[in-house]
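Dear colleague,

I am handing over the structure below, and my notes on it follow. Please read them alongside the coordinates.

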Amino acid sequence: MPMEQGKQLEKVYAPSSVEKRIYRRWLDGNYFHAAADKSKKPFTIVIPPPNITGRLHVGHAVDNTLQDVLVRWKRMQGYAALWMPGTDHASIATEAKIVEALKLEGTSKAEIGREKFLERAWAWRELYGGKILEQLKRLGCSCDWERERFTMDAGLSEAVAEVFVRLYGEGLIYKGERIINWCPRCGTSISDIEVEYNERDGCFWHIKYPVVPAGGAAGGALAGATTGAAGGVAAAGAAPGAAGSAGTGATTWAAGGGDFITVATTRPETMLGDTAVAVNPADPRYAGYIGRTVMLPLAGREIPIIADEYVDSEFGTGAVKITPAHDPNDFEVGLRHGLPRLRVMDDRAAMNENAGAYSGLDRYEARRRIVADLDAAGLLAKTEPRAHSVGECSRCHETIEPIMSTQWFVKMKPLAGPAIDAVRQGRTRFVPDRFSKIYFNWMENIQDWCISRQLWWGHRIPAYYCDACGEIAVARQKPEKCPKCGAAALRQDEDTLDTWFSSALWPFSTMGWPKRTPEMEYFYPTDVLVTGYDIIFFWVARMIFSAVKHTGDVPFRHVYMHGLVRDAQGRKMSKSLGNGVDPLDVIERCGADALRFALTIGNAPGNDLRLSDEKIESARNFANKLWNAARFVLMNLGGGEQAGGESGDGEGDGGGMAGGGSPLADAQSAGEGGDGAPQLTMADRWILSDYNRLVKEATEHLDRFELGMALQKIYDFIWDEFCDWYIELAKPRLLGGDAGQRGAARRVLRGVLKGCAQLLHPFMPFITEEIYTALGESAGPGGATDGARGGAVNGAADSSASGGGAPGEVFAASVMVSAWPQYDEALEAKADTDKMRFVMSVIKSIRNRRSEMNVHPGKKASAVFVTDSREQADALSEGRAFIERLASVSSFAIEGERARAASDSAVALVVDGAEIFIPFGELVDVQKEAERLKKELDRLDREIARAGGRLANEGFTSKAPASVIEDERAKLAGYEAMRAKVADNLGRLG
């Protein structure tokens with residue numbers, strides 16, 4: 001059943017109405033679903049799961065646009081392309097939202113209890129969990145929504161428990177004391193990825209630690225007198241935590257007594273937890289002090305002076321305080337030297353009982369008082385203002401405390417080794433490769449991973465405690481009794497797992513692991529992970545070592561790293577700068593295609609991308625230009641070109657041009673009339689050859705993950721070659737050629753436009769779908785034909801191009817399931833391309849000179865071309881109609897000798913060695929033009945005199961701002977350049 005007429009497009013492209021209708025059509029047609037199909041190669045991407053509390057931001061937009069480009073491209077190449085969608089439960093973020101809501105209701109997490117709190121959390125997920133996915137649909141994402149997963153789904157939770165139990169059984173998960181990042185406001189440990197570092201103004205406080213003499217009390221004589229209300233100083237040698245006074249009192253040291261070792265710190269409140277002072281063993285300044293002790297100021301206890309190569313002799317004083325319970329580096333030093341670990345803060349970041357008289361004070365108030373007491377005691381050597389990096393919780397922006405805590409950890413060294421090998425062996429490749437070096441550096445220096453969180457929302461740690469005997473049982477399900485003593489009363493660990501623990505399993509847990517599902521067999525390992533370079537350590541690395549450990553294979557073959565989106569000035573987008581871009585707002589104003597285009601064009605792997613209103617506006621302009629070109633083509637198809645049929649005006653086009661075949665080959669084969677005479681022009685062969693080359697170059701760029709370059713090539717071809725040139729070159733034949741010429745022009749226009757829609761589709765899916773379906777295909781009731789593959793996917797019939805349709809209605813197939821265009825070397829036409837480019841250069845040169853001379857577009861003139869090149873002469877002959885129409889040439893001759901064409905009264909141009917002579921009198925009225933130019937000279941002379949006089953005026957140059965003077969000089973230079981040009985043109989008139 002042939003389609004009677006191609007769909008005509010609306011006069012103005014309105015993305016807001018088109019995009020929603022088309023996306024609904026795709027959903028109804030089941031186009032996004034991928035099933036295991038042994039006849040096809042699989043291609044798989046798992047989405048980096050956004051938080052259920054999230055809203056689509058520009059980072060999501062670029063990340064998911066790039067993923068969609070790859071998936072749509074591979075789907076068109078014939079792969080069973082699966083894009084697995086889903087969301088992350090986001091423990092801290094979600095819990096914070098619920099706690100805030102409870103606070104507004106006048107209650108709290110503690111008051112309602114864990115069970116009720118979790119009920120609220122699941123209700124929150126039901127209400128808000130899918131919002132960001134709906135926003136991704138607005139962006140055009142072609143995820144397989146039937147397979148949507150959530151990190152706390154039953155199957156994924158089973159995978160989490162399985163991994164925990166396995167690792168614990170192998171001794172790779174343990175519970176112990178280490179330094180972790182602690183957020184006092186959220187009340188939990190947090191991962192490195194959740195710590196943001198910002199420069200803050202602070203100080204280095206240089207504190208003098210009195211050296212205890214070899215045989216006696218510290219610092220000569222300790223007077224013991226104190227000032228202030230705190231009382232006395234603890235005696236030397238007192239037990240850790242037994243500080244006697246400190247408080248606001250000031251210990252007074254005997255004048256001139258003893259030596260000091262000075263250390264510098266940005267956190268003087270932690271000094272109360274010092275258990276050593278360290279120096280470099282090779283530092284001669286401290287060689288005689290190693291093995292002795294110092295008296296810890298304000299605490300009154302002796303601590304040893306130790307030697308450790310960790311200390312940088314060139315930094316600060318070359319001596320550092322060692323506080324193992326409050327600094328990760330000090331913790332490691334403490335382990336090496338067997339130092340005690342003394343924690344002096346509680347979980348609220350207030351000083352605890354080990355802080356003596358400072359107990360109960362907030363950390364910053366304690367800092368203030370400690371500094372004052374040190375100063376009063378003569379132990380504050382100096383205060384040095386200095387900006388330094390401070391870690392903040394990314395959720396609440398509270399300052400993080402590195403603090404010793406009993407938590408659950410994963411031993412990373414045994415897991416890191418195989419993951420390093422996987423990348424070194426090329427089983428997983430980073431794009432660009434430079435990120436592999438960053439990966440190796442981090443993995444080779446990796447520390448044990450703290451995986452426990454003091455939260456209720458999340459995967460609860462599957463560890464059970466027996467209060468009767470102290471046994472810890474780790475199991476997939478709660479044991480009925482203690483495996484050691486048989487007691488029935490077991491309680492589960494209160495903590496939950498780090499969100500990243502479950503996210504690390506995402507590529508295979510979403511496929512059904514630990515079960516060996518059909519999806520696991522067919523779609524795993526995945527092919528590409530698309531993500532920002534800012535989470536290479538915290539998610540990418542964890543997925544690799546988790547997958548290698550638990551599946552025996554890598555989670556993905558490639559890691560495509562994209563950069564951050566910045567503003568036009570290269571600044572990071574932030575609320576404080578007010579330079580953020582809301583992608584949903586852009587979609588409302590300009591359409592999803594325009595946003596996707598702006599986020600992809602110029603986007604190179606691993607590099608940051610600049611986004612501006614001008615770039616988005618340019619993208620919208622491109623969409624409008626393509627739309628207008630498509631309207632022109634459709635209106636000139638004579639009622640529609642049908643696959644396997646005839647044009648509406650009875651002019652045969654010689655056969656179909658189905659989307660799955662080659663529009664180039666079809667156009668070529670249709671280029672001969674019934675009498676065998678060739679109907680394709682030089683312009684036809686040029687555009688077909690350049691389009692054919694575009695197919696090759698765009699595909700090669702996509703193969704190398706150079707998505708921005710692929711789009712740039714497609715954009716340049718559509719805008720410059722197809723719209724600006726070929727359509728104009730085709731118009732004379734469409735308007736006045738014979739039937740064979742019109743048919744050939746129509747087929748080339750239709751074929752190239754259709755091919756462009758296919759190439760552009762992964763980047764701008766909505767407008768290309770509307771254009772492609774408007775071009776139409778022959779289809780029968782219940783299914784569309786579209787080249788190698790039909791418009792129906794997995795048996796689901798395609799709906800009509802307008803979205804839906806009555807049973808039996810004719811419809812067009814989707815560009816999404818058309819075959820990706822293929823390069824055909826036989827279609828290269830270098831000779832025609834060279835000739836056509838020469839003709840285009842001639843046209844541009846004549847146009848430019850006419851513009852410079854202000855010649856009215858309707859004014860035609862003859863031309864004489866001089867060339868001794870046979871190829872150029874042939875090009876001019878074949879391109880005569882193009883030159884006459886587009887360069888406003890009334891007629892022209894071709895000469896082999898310059899003497900027969902040159903004239904003093906002619907405008908002369910040179911193009912690729914050929915000369916063009918145009919009689920001046922045919923371009924302009926010489927007398928009127930001379931009068932106009934003389935008036936222009938007079939005007940410019942006045943402007944030059946004015947600007948020159950102003951610059952010669954000392955009163956102006958001595959008082960005016962430098963920028964104003966510079967502007968005036970620029971104006972003068974511009975006037976002088978314009979005058980020289982006008983004078984030259986006037987001289988040409990004789």
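In what order do the four strands of the open sheet with mixed pairing lie? The order is β32-β31-β34-β33, where strands (E, at least two residues) and helices (H or I, at least four) are DSSP runs numbered from the N terminus, and two strands pair if DSSP finds at least two bridges between them. The edge strands, each pairing on one side only, are β32 (889-895) and β33 (906-911).

This is a predicted model, in which local features need pLDDT of at least 70 and side-chain atom pairs count only at pLDDT 80 or more, while totals for chains, interfaces and linings use all residues. Residues are numbered from 1 along each chain as its sequence is written, and side-chain values use heavy atoms, with hydrogens and water left out.

Within the sheet, β31 (residues 861-866) pairs with β32 in the parallel sense over five bridges, and Ala861 stands opposite Val889 in β32. Helix α24 (residues 870-878) packs on the sheet and touches β31, β32, β33 and β34, contact meaning heavy atoms within 4.5 Å; the direction of α24 makes about 155° with that of β32, with axes fitted to C-alpha atoms, for helices over the stretch in contact, and angles running from 0 to 180 degrees between N-to-C directions.

Elsewhere, Thr87 lies in strand β3 (residues 86-87) and is buried, its relative accessible area being 0% (buried means under 20%, exposed over 50%, partly exposed in between, with a 1.4 Å probe and protein chains only). Beyond its neighbours within four places in sequence, Thr87 contacts several residues, among them Pro49, Arg125, Phe150 and Trp506.
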